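Please look over the sequence and the model before reading on.

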Amino acid sequence: MTHILEAGLDFMESENPHSLPKVRGYNIISGQLELSVSGETFDSINPAILADVLGEFPLSNKEDVRKAIDAARSALPDWSSTPAPTRGQIIGNMGRLLMQHKEELVRLQAREIGKTLKECGGEIQEAIDTCLFFQSEGRRLYGQTVNSELPDKELFTYRRPLGVCGIINACNFPSAVPFWKMIPAIICGNTCVWKSPQDSPLLSFALARIMHQSGLPDGVINLIHGKGSGAGQYLVDAVDEGLINKISFTGSTSVGKAIGEVCGRNLVSCSLELGGKNPLVVMPSANIDNAVEGAYWGGFGTAGQRCTSLGNLILHQDIYDEFMEKFMDKVKNTRIGDSLHNEDVLYGSMLSEKYAIDFLSCLSKIDAEGVTKEWGQGRITTGNTPKNFVGNPEAGVYMWPHVYTGVTEDMDCFHEEVFGPAVTVVKAVDFDHALHLANASPYGLSSAIYTNDRLEAYRFKTGIKAGMTGINNSTTGAEAHLPFGGVKGSGNGTRESGIWVIESYSYWHAVNDELSGKLQLAQMDVDEIEMAEAEVDYSSLA
Ligand code: UN1
């Protein structure tokens with residue numbers, strides 16, 4: 001066995017026509033590089049150039065997952081008793097290493113999931129921000145001293161770690177989101193088994209290496225590769241076996257509900273960050289150009305593959321025509337292509353072929369609902385190319401931007417999340433109708449309103465059922481120190497980021513220290529205070 005820090009990159013023989021070599025990737029269990037006990041593997045493929053295979057990774061089975069859990073359990077006593085400021089120092093080192101290697105990581109991420117370099121840069125920065133925030137949190141993690149109702153007795157609260165955390169994230173935010181989860185987990189003294197997304201294993205491998213390089217002891221974070229219904233499922237099954245104390249999941253609402261059921265029946269805490277059909281309302285008082293920019297970015301940035309992407313665009317009838325004209329002009333001129341080889345593209349390929357297939361199947365359902373398709377022709381291919389597409393469309397999986405109008409509340413496409421570049425447009429007759437529509441989907445993750453009427457903005461912010469709201473801003477763009485998460489079908493109320501996430505990775509331990517040397521009974525031995533008779537007639541004062 002080889003320790004991660006003793007190993008260089010292990011390149012394989014390959015017929016990759018792309019200039020970069022193929023990497024042999026490993027699970028990292030207790031700091032050691034491990035293949036799957038079954039010997040089975042899967043490939044990581046660049047979705048912008050399907051012939052470019054980045055590497056081969058272990059297809060982990062139940063035994064592999066079990067080994068990773070055992071490693072996390074063994075590392076727990078030492079890590080949870082390591083002083084929190086020391087844990088913070090290691091996390092700070094991670095942030096500094098990420099800064100040092102930012103450029104290479106940005107390019108690797110762009111190559112593995114097809115997001116633009118600009119967006120990948122923003123995302124690695126979000127991981128850095130998370131590390132720097134939590135480095136200093138290691139010097140806080142405050143508990144309280146609380147007054148006792150009895151003399152010579154002190155009360156305290158302490159934050160305690162939960163134990164072993166199972167971390168499952170999606171590949172659309174493959175660096176920021178696992179950091180959102182694992183950094184607070186480890187600052188609180190927990191250890192982790194990280195199931196990497198199947199479409200970004202090389203990036204996960206590089207990030208886990210950086211974590212170890214930063215001084216993280218072996219076994220605190222264990223990385224396993226595999227496919228969702230395999231390794232991820234085994235990790236969740238381990239909750240039923242009593243081996244996991246926390247699951248943190250970002251992904252679809254249906255999978256989130258299934259995980260919530262397993263955790264619920266075992267009384268195990270879970271953080272669930274799920275889907276969204278995020279509404280963006282535009283009112284007549286809004287700066288229309290600004291609203292067009294925000295809606296366009298929210299709908300089509302990241303090729304619409306953020307959980308915070310714009311879903312329902314809700315336009316007040318008085319500005320509908322003006323808005324749509326400007327919006328469609330931008331949509332029709334969208335520059336799309338592989339950002340590693342072309343400058344200034346708004347979005348690149350889909351995250352992987354699987355995401356492309358799912359998106360196309362959503363589009364055919366929308367088409368069947370009788371809405372008006374204003375723009376979009378499915379997959380971009382030779383001969384079916386929007387005017388500002390750059391590069392070879394057949395090399396990867398690229399999609400047209402899609403806009404549908406004539407959408408109403410009774411349609412499925414109003415309610416269902418479409419993970420890809422598609423916006424459904426709904427017309428509102430007035431503010432109350434717009435707010436009603438914004439609340440009418442089963443989700444409640446992000447939301448936005450463009451208005452220059454302060455009362456409308458106030459009423460939207462108090463009336464919307466969502467975890468996040470932008471006022472004169474897009475639906476996306478959470479910052480690393482504000483709580484992130486949703487209500488309704490978008491999650492179970494837990495939050496990521498900022499100080500709030502600490503609640504999800506620790507429990508409160510209340511300690512009382514009886515110094516009197518005798519048994520004093522709470523409530524029962526408390527001195528009773530008698531109130532004096534009132535001698536003044538207050539009614540005579542006024
Ligand atoms: C996600 O899509 O799972 O606010 C996370 C945003 C990003 C995070 C999105 N910072 O859009």
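The sections below cover the basis of the model, the domains, the ligand and the cysteines.

## Basis of the model

The model is predicted: local features need pLDDT of at least 70, side-chain atom pairs count only at pLDDT 80 or more, and totals for chains, interfaces and linings use all residues. Residues are numbered from 1 along each chain as its sequence is written, and side-chain values use heavy atoms, with hydrogens and water left out.

## Domains

The chain is assigned domain 1 (61-274 + 496-505) and domain 2 (278-480), with bounds that come from an automatic or database domain assignment. Taken over C-alpha atoms, the centres of domain 1 and domain 2 are 31 Å apart. To the contact between them (heavy atoms within 4.5 Å), domain 1 contributes 23 residues and domain 2 contributes 24 residues.

## Ligand site

The ligand lies between the two domains, because domain 1 and domain 2 both give residues to the shell around the ligand. Residues surrounding the ligand (a heavy atom within 4 Å) include Asn172, Phe173, Trp180, Arg306 and Phe484. By class, this shell has five nonpolar, four polar and two charged residues; here Ala, Val, Leu, Ile, Met, Phe, Trp, Tyr, Cys and Pro count as nonpolar, Asp, Glu, Lys and Arg as charged, and the others, Gly among them, as polar.

Polar contacts are pairs of N or O atoms within 3.5 Å. An oxygen atom of the ligand is 2.8 Å from a polar backbone atom of Cys307, and a backbone N or O atom of Gly477 is 3.1 Å from an oxygen atom of the ligand. A side-chain N or O atom of Glu126 lies 3.3 Å from a nitrogen atom of the ligand. Of the 320 Å² of accessible area that the ligand has on its own, the protein covers 98% (Shrake-Rupley method, 1.4 Å probe).

## Cysteines

The structure holds zero disulfides, a disulfide being a pair of cysteine sulfur atoms within 2.5 Å. The sulfur of Cys165 is too far for a bond, because the closest cysteine sulfur, in Cys192, is 4.9 Å away. Cys188 is in no disulfide either, and the nearest cysteine sulfur, that of Cys165, is 8.7 Å away.

Cys165 counts as buried (under 20% relative accessible area, with exposed over 50% and partly exposed in between; 1.4 Å probe, protein chains only), because its relative accessibility is 0%. Cys188 is buried with a relative accessible area of 5%.

How values were computed. Polar contact = N/O pair within 3.5 Å; in protein donor to acceptor, adjacent residues only side chain to side chain.
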